[in-house]
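Colleague: I am new to this structure and would like to learn how to read it. Could you walk me through a few features?

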Amino acid sequence: MRFESQKAAYKYFIFTLVLLVLQVLFGLITAAQFIWPDFMAQTMPFNIGRAIHINTMVFWLLFGLMGATYYLVPDETDSELYSTKLADFQFWLLAVTGVVAVIGYVFGWTEGREYIEAPRLLDWLIVVGVLAFLYNIGITIIKSKKWNSILAVLFSGLAGLAVMYLFGMKFFGSISLDQFFWWWVIHFWVEGTWELIAAAITAYLLIKLTGVQLKVITKWLYLEVTLVVLTGVLGIGHHYFWIGTPEYWLPIGGIFGLLEPLPILLMVIDTMRHVKHSPELHHNRVALLWLIGAAFTHFVGAGLMGVVQTLPSINKWTHGTQLTAAHGHLAFYGAFAMLVIAAMYYAVPNIVNRQVSSSKGIWAFWVMLISMVCMSFILFGAGITQVYLERIMGMDFNYVKTNFTNFWLLWRLVAGVAFTVGTIILVDDFLHLAIKKPAVNRRDIDAGL
Amino acid sequence: MNKFVWIAIIIALIAPAIFFILLYNSLSPMLQEEIPENVVVGKRLWQSKGCVECHTLFGNGGYNAPDLTKTVEMRGKDYLEKFFAKPPMMRPHKQRKHPGLIEKEAADLIAFLAFVNEVPIIGWPPEHAKSKADNNSNGAEK
């Protein structure tokens, strides 16, 4: 760690883990409710549990990305953060807002739109928090006069993220308009602005972990960004197939949706190329493992599992089934969750000035990855079952659910339990990093010190 | 390097340019559409009750309960009125009934669902391949 103010990231990372645990917990409850509908049905009904499951995810990913940004920016600008007090203020504002939102959902205080359930009042607090964040980062970069490619891409991604959130705040009487702009938040986040942020953070971590030059990374980064914008903007068409919008979105969404895996594939090639030809690999192999895993899972979950459903002729059969949930789980996990964890594994040991113990991080990596891949493929099976029985045979939703899909969803719960075990290992590893006394270096022991 | 960046920016900007043209074309009829007051009230109710966390509309939502895009057509308004007045057990629950609504609320929500029912979506959900085949064979017999 070169600058004191990089420590601002620490709080964000800790809260990231708290929310991750909450997300997994509510995921378990809702997964169980698919199979045993009356399980906790009075205390924590499915609709509330699911709202908390998806909102804690959005929140922890945002906290993780903000933490990574606070760690990265001083490093790239060669300067201290503009204000660590502002970073702290912003942390508490957003953290309290997040907690209030979750408690609010329990009491039915919701705006009732997926992923952006936070009520209007909390929306405004989130806007204030995000503006404070952008101001802090922006001033730091401007003052340092060091606009490099990573900072430029990162900042445009973050600014875009904030702008898109505004489109989710308005109430529309028309359901078509509602869906039209709801997708601006969802699609332009995960297939647009978050991709830019992910590309920038990946580039930063590659430089740190493989020793590749910024000059080399820059070319890759700009190519990736060009492709993200080129495919992602019109790729929103694949969400405009069935919401009452004109028919020309069918070919547009299909074609540009097909191209959307390209920038992700480029990120995989970029990552592997630099890892293979690395002049000197960083000793922090755990962070490197998570970074490589993120690139591949991002491609499979977001790229492949999305692209198979993007053509309108296929999408009309698959849309609105568990296939979407299959894609959603692995995409979010690979594209953003694993990247945030990679950034944490790189940054946290530097912040607390301790060595990461490799075994737990590697265990967490494999347990979480394998269980999430299993969960995703199980949901894929459930989705295919639904397509065949509901869409082709015309059977009733509830009949198919109780008699057929629940077979899959039981195994999904098993995968969920395994994922929870992985999460516990991960959190335990970070707790040890944060709390335990500085580890005695192995080499010191060998040297008899 | 600079040339590279400029080429990248220009190529990347083609997509947003096309997008904004289509945006104008798609949005102008939607923005002019008059939405009846009770439909808007019904939509607020749909949101405040968090219906989308279990159900789906246009296939977007919680995937744990049936899609309601065409429910008015399939069930009829009378069925839905009775459903909300005296909610049945939520299948496959054995203990929990579907949340109910007072008459005014039910009327608004049904107005909203009737409005959703009429939104022109071409091709979704697809006609069941089986029922299509049945219809064809019936036709042949006649």
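Modeller: Gladly! Please keep in mind that this is a predicted model. Let's start with one residue and its neighbours: not counting residues up to four places away in sequence, A:Thr271 touches A:Thr202, A:Leu206, A:Ile292 and A:Ala295.

Colleague: Where is A:Thr271 found, and is A:Thr271 buried or exposed?

Modeller: A:Thr271 sits in helix H9 (residues 261-276) of chain A. For burial, we look at the relative accessible area: buried means under 20%. A:Thr271 has 0%, so A:Thr271 counts as buried.

Colleague: Which residues have the most contacts inside the largest nonpolar core?

Modeller: That core has 193 residues, and those with the most contacts inside it include A:Trp184, A:Trp189, A:Trp194, A:Trp290 and A:Leu426. Helix H6 (residues 175-210) of chain A gives the largest share, 25 residues. Domain 1 (1-147) and domain 2 (304-449) of chain A each supply at least three residues to this core.

Colleague: What is A:Trp290 in contact with?

Modeller: Leaving aside neighbours within four places in sequence, the contacts of A:Trp290 include A:Tyr333, A:Met338, A:Phe365, A:Met368 and A:Leu426. There is also a second, separate core of six residues, among them A:Ile264, A:Phe299, A:Ala302 and A:Ala331.

Note on methods:
Residues are numbered from 1 along each chain as its sequence is written. Chains are lettered from A and ligands numbered from 1 in the order in which they are written. This is a predicted model: local features need pLDDT of at least 70, side-chain atom pairs count only at pLDDT 80 or more; totals for chains, interfaces and linings use all residues. Side-chain values use heavy atoms; hydrogens and water are left out. A nonpolar core is a set of buried Ala, Val, Leu, Ile, Met, Phe, Trp, Tyr and Cys residues joined through side-chain atoms within 4.5 Å. Buried means under 20% relative accessible area, exposed over 50%, partly exposed in between (1.4 Å probe, protein chains only). Helices (H or I, at least four residues) and strands (E, at least two) are DSSP runs, numbered from the N terminus. Domain bounds come from an automatic or database domain assignment. Contact means heavy atoms within 4.5 Å.
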